[in-house]
Structures are given as C-alpha cells and as structure tokens.
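Hi everyone, thanks for making time this morning.

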Amino acid sequence: MRSMTELKDMEAHAEKLLGQLAAESKYLDDLKKEVLKEIYDLDHGLFDKAEKDLKDEEKIVRRSLGRTERYVNREEKKEEDDVKELEGCLPAKLVKVLKDIDTKLHVGLNTLVQGLSRSRGKLRQDIDEAKKLFTAKDNAGAKAKADATVKDIDYILKMVWGTEVEEKKYIQFLKYLETL
C-alpha cells in the first residue's frame, strides 16, 4: 500500500482536475448565457447589444476554454501516472476496481479533451460566421447560428458533467484506500 502522503498527493491531483472540470463547466455556462442574451437581443431588435454579446462570447472562447483544455490534458497525464503507480501495490480485487474506474475516467477524459479541442474550433468558426452575418445584416441567419451554438454548448457540458462524475468516483476510491 502507498503511504498516506502519496495517497494525499494523488487525491490532490484528482481534486485539481475536478476543479478544472468545474471551471470548464462554468466557462461553458457563461458562454451559453451570452449566446442566449444574443438570441434575446436579436429577437427584440437590439442588434447593437447582440453584436456586443458576440464579442463577449469571443472573449470567453479565446481566453478561458483553451486554457482549461490544456490544463485538463496536463492533469490527466499526472493522473494516469498515479493510477499506474497504484496498480503495482494493490491487492487483485482493488486493482480490478481501480481499472474499472480508470477505464471509464480515461475514456471520458480523452473524449472530453478531443471534444473540447474540436468544439473550441467550431465555436470560433461559429462566431466568425455570426460576425459575417451581422455585417450582412442577416439577423435571421445570426439567430439560427446562435441556436446551433447553444446545442453545441449543451453537448460539451454533458461531456464535462459525465467526466466530473467519474473523477468523483476516483476521488472516493482514493479516500477509501486512505482508510485501509
């Protein structure tokens, strides 16, 4: 069995990753709110406000989402190393439990990182297209683009939430190991 300090370090890595997933969820939620404000403004003829909302969306995508994507990717690698280290010193029954948790978590994190990368690019593309639609005064097209963006954000949020659940299971497992 690993020492209590090493288990605490592993738990700290997992908690940091969970915190970053929560931050990603918050950024996506903020982005969704901005897109919904844009839709509202377009519906009510407030085109200048809608254009400002679009600029705010662009700031969130540029500033926040990319940073958390890189951080999640980096922390995932640390967690992989921790799991490999744990496997070597656990009894067979606990290794099986760890592998089950790790498989779901690993798949979730990989899917999330790939999805975030693709989605961030798609969100940037959607914002660029919406800017062109605003320039062309195609408000119906801009609203349709914003509606599609909300659906994309909801999909990404579901991936983040699923990964958070698996990360919490891993943290619970580490806490269990501390009691042994």
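Predicted model: local features only at pLDDT ≥ 70, side-chain atom pairs only at ≥ 80, totals over all residues.

Let's begin with the helices. Two packed helices are described by the angle between their axes and the distance between the axes, and that is how I'll describe each pair.

Start with helix α2, residues 47-87, and α3. Their axes are 9 Å apart, and the packing angle is about 160°. That makes α2 roughly antiparallel to α3. The crossing of this pair, α2 and α3, is left-handed. Sorted by class, the contact of α2 with α3 is made of 18 nonpolar, 5 polar and 16 charged residues.

Now follow the chain onward. Helix α3 covers residues 92-135 and helix α4 covers residues 139-179; their axes come within 9 Å and cross at roughly 160°. So α3 and α4 are also a roughly antiparallel pair. The crossing of α3 and α4 is left-handed. In the contact of α3 with α4, the classes are 21 nonpolar, 8 polar and 9 charged residues.

What about α2 and α4? These two pack at an angle of about 25°, with 12 Å between their axes, and they are therefore roughly parallel to each other. The crossing of α2 and α4 is left-handed. If you want to find the meeting place on your screen, look for F47, E79, D82, V83 and L86 in α2, which meet N139, E167, Y170, L174 and L177 in α4. By class, the contact of α2 with α4 has 6 nonpolar, 1 polar and 3 charged residues.

Next, the core. Which residues touch the most other members of the largest nonpolar core? They are L86, L90, Y170, L174 and L177, out of 49 residues in that core. The elements giving two or more residues to this core are α1, which spans 4-43, together with α2, α3 and α4. The largest share comes from α3, with 14 residues.

Is E75 buried or exposed? Its relative accessibility is 1%, so E75 counts as buried. Setting aside neighbours within four places in sequence, E75 is in contact with H13, K16 and L17.

Over in helix α3 we find G121. This glycine is partly exposed, at a relative accessible area of 37%. G121 and G66 are 55 residues apart along the chain, and their C-alpha atoms are separated by 9.7 Å.

K145 belongs to helix α4. Not counting residues up to four places away in sequence, K145 touches D126, E129, A130 and L133. For K145 and N73, 72 residues apart along the chain, the C-alpha atoms are separated by 29 Å.

Finally, please look at K137, in the loop between α3 and α4. Its phi is near 60°, a positive value in a residue other than glycine. K137 has a relative accessible area of 66%, so this lysine is exposed.

That's my tour, and I'm happy to go back to any part of it.

Technical notes
Residues numbered from 1 in each chain as written. Heavy atoms only, no water. Axes fitted to C-alpha atoms, helices over the stretch in contact; angles between N-to-C directions. Helix = DSSP H or I, 4+ residues; strand = E, 2+ residues; numbered from the N terminus. Parallel < 35°, antiparallel > 145°, perpendicular 65-115°, else oblique. Left-handed = near helix turned anticlockwise from the far one by under 90°. Nonpolar A, V, L, I, M, F, W, Y, C, P; charged D, E, K, R; others polar. Core = buried A, V, L, I, M, F, W, Y, C linked by side-chain atoms within 4.5 Å. Buried < 20%, exposed > 50% of the residue type's maximum accessible area, 1.4 Å probe, protein only. Contact = heavy atoms within 4.5 Å.
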